[in-house]
Amino acid sequence: MKQARQRILMRIIKSWMTMVFLAVPSFVQPSFAQDFDKGLSAYLDGEYAIALREFHMLAELGDGEAQFYLGEMYGLAHGVERDLVLARKWFLRASERGNFDADSRLALLYQSGFGGEQSDTLALYHARRGADNNNDASQFTLAEFYEKGSAGVAQSNARALKWYLLAADKGFTPAYLGLGRVYEKIGEIDNAKLWYQRAIDEGDEHGKEPLARLKAQNAAAKQTTGNSRKVVSSSSSSSGSTIAVEYPDEAARQSSDRVWEDDRDDFLVGANAYWDGDFSLALERLYPLAEKGVPYAQYYMGEMFDRGFGITKDHKAAVKWFKAAYKNGVSDAGNNLAYIYFTGSAGFVDRQTAMDIYHKEANAGNPVSQVSLGHAYADGKDVTENHRTAVKWYRRAAENGDPVGMFQLGLAYYRELGGVSWDYNKAYMWFTLAYEEGESDALPFKEEVREKLTAERRDLVGKMIAKCRQRNFKGC
């Protein structure tokens, strides 16, 4: 409960930080105006001791604007200890003097119960009071209540739009994001994008992620709209027409890591965000680069759509981006594309094209494709079952450092498969290497074989492992 209250408190503080008004209102009494200007200038310059002295003097004399800023200082801990009881006190006095900015703060305080009484009735009263008196901050707060169905009001997108629009028309920029959210909820995507963009134009970075997401989803929808390809059943998938794929040439493979110089920083931020799990930031930075033709940005977009990372899972959109990245030389994109075609996860099956891609990428040295070919030949799906060929590809993958290939090669020595002679030493070596490289399935086999070896043979295998590593797994 304490953590929940802290989160609400942070929301209040963040809300206040977007709502500070810098203009001196017309109702400031002329005799106080010079002192108020002095206090406001000091406040904006961070000279809080001076601001506190000037505002406190004027507040005690009944100046509503000074009372409001005292509430701000206590609410935001500007030059004083945070004290929401005092913040509420000064906001109430400011409200009584006709400061409707104070009503927007009081609405949040009464809703949360911080600094005193919790009351949805009073929260709504103060939000409406300010909103009805044409105060943009209060209109924004009331719109939030309707958007979320809080403070005792029923959720209403229509009423949220009404109040957000009134605030936005006055140039109250926090309302722009609210409009984007509500328009997105009701399906008016063009309007949503317009308001997210306006928020960005006003310096609000929070508009970037939803705008990038909507653009990406729109591009995916255009790609897949009208796709009437007949789904081929898995039982007959290897016959009939195949899906057109543009294979990379050698020049594309050699330049698959290209990034335009002026985009390099954005790409690095986006790629690092992807690996850190910050998919909102990854989407924001990588989607524009994918549209521009950066190969690995296209690959990451395929991954995000395929796995539903930070965006709605959409296998057809994933196919679009994997095809683009593969054409531009990203071998892993080809492997992923082949897997989608082989399994039919995007709604269509084409195992012949999948096998063609696997062969091309396996021959180009992609260890994941080499393992996939090994599995295909071992299982006999759409190719004649051939364990000798399967082991050949597992060995190629193992020599390229792939732990799954190492594990499968260990199984071949352990079970005498694919023309490989039974050899516990080599089985133990490959199981150990596979486990050390990250293949956890190899551990029980490693332990089982270990029990069959003498101490002398384990020492021998230890030397074999060291030598194999020195040779980068080649010819072991």
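Colleague: How many aromatic pairs does the count come to?
Modeller: The count comes to 30 aromatic pairs. The rule: rings of Phe, Tyr and Trp (its six-membered ring) pair if their centres lie within 6.5 Å. Planes under 30 degrees apart count as stacked, over 60 as edge-to-face and the rest as tilted.

Colleague: Before we go on, what are the ground rules for this model?
Modeller: This is a predicted model, where local features need pLDDT of at least 70 and side-chain atom pairs count only at pLDDT 80 or more, while totals for chains, interfaces and linings use all residues. Residues are numbered from 1 along each chain as its sequence is written, and side-chain values use heavy atoms, with hydrogens and water left out.

Colleague: Back to the rings. How do Phe68 and Phe91 sit?
Modeller: Their ring centres are 5.8 Å apart and the planes meet at 45°, so the pair is tilted. Phe68 belongs to helix 4 (residues 64–76) and Phe91 to helix 5 (residues 84–96), 23 residues apart. Helices here are DSSP runs (H or I, at least four residues), strands are E runs of at least two, and both are numbered from the N terminus.

Colleague: Buried or exposed, those two?
Modeller: Phe68 and Phe91 are both buried. Buried means under 20% relative accessible area, exposed over 50%, partly exposed in between (1.4 Å probe, protein chains only).

Colleague: What about Phe342 and Tyr358?
Modeller: Tilted again: the centres lie 6.4 Å apart and the planes are at 55°, so that label applies. Phe342 is in helix 18 (residues 331–343) and Tyr358 in helix 19 (residues 351–363), so the pair ties together parts 16 residues apart in sequence. Phe342 is buried at 13% relative accessible area. Tyr358 is buried too, at 4%.

Colleague: Which rings form a cluster?
Modeller: Ring pairs link Phe267, Tyr274, Trp275, Phe279, Tyr296, Tyr299, Tyr300, Phe309 and Phe322.

Colleague: New topic. How many helices and strands?
Modeller: The protein has 25 helices and 0 strands. Of its 476 residues, 49% count as buried.

Colleague: How do helix 6 and helix 8 cross?
Modeller: Helix 6 (residues 100–112) and helix 8 (residues 136–148) have axes that come within 7 Å and cross at roughly 30°. They are therefore roughly parallel to each other. Angles under 35 degrees count as roughly parallel, over 145 as roughly antiparallel, 65 to 115 as roughly perpendicular and the rest as oblique. Axes are lines fitted to C-alpha atoms, for helices over the stretch in contact, with angles from 0 to 180 degrees between N-to-C directions.

Colleague: Which residues make the contact?
Modeller: Helix 6 supplies Phe100, Asp101, Asp103, Ser104, Arg105, Ala107, Leu108 and Gln111. Helix 8 supplies Ala137, Ser138, Thr141 and Phe145. Contact means heavy atoms within 4.5 Å.

Colleague: Where does Leu283 lie?
Modeller: Leu283 lies in helix 15 (residues 279–292). Leu283 is buried, with a relative accessible area of 0%. Leaving aside residues up to four places away in sequence, Leu283 touches several others, including Glu209, Arg213, Met301 and Ile311.

Colleague: Last one. What is the phi of Ala77?
Modeller: Near 60°, a positive value in a residue other than glycine. Most residues other than glycine have a negative phi. Ala77 lies in the loop between helix 4 and helix 5 and counts as partly exposed at 30% relative accessibility. Ala151 also has a positive phi, about 55°. Ala151 is in the loop between helix 8 and helix 9 (157–169), and counts as buried at 5%.
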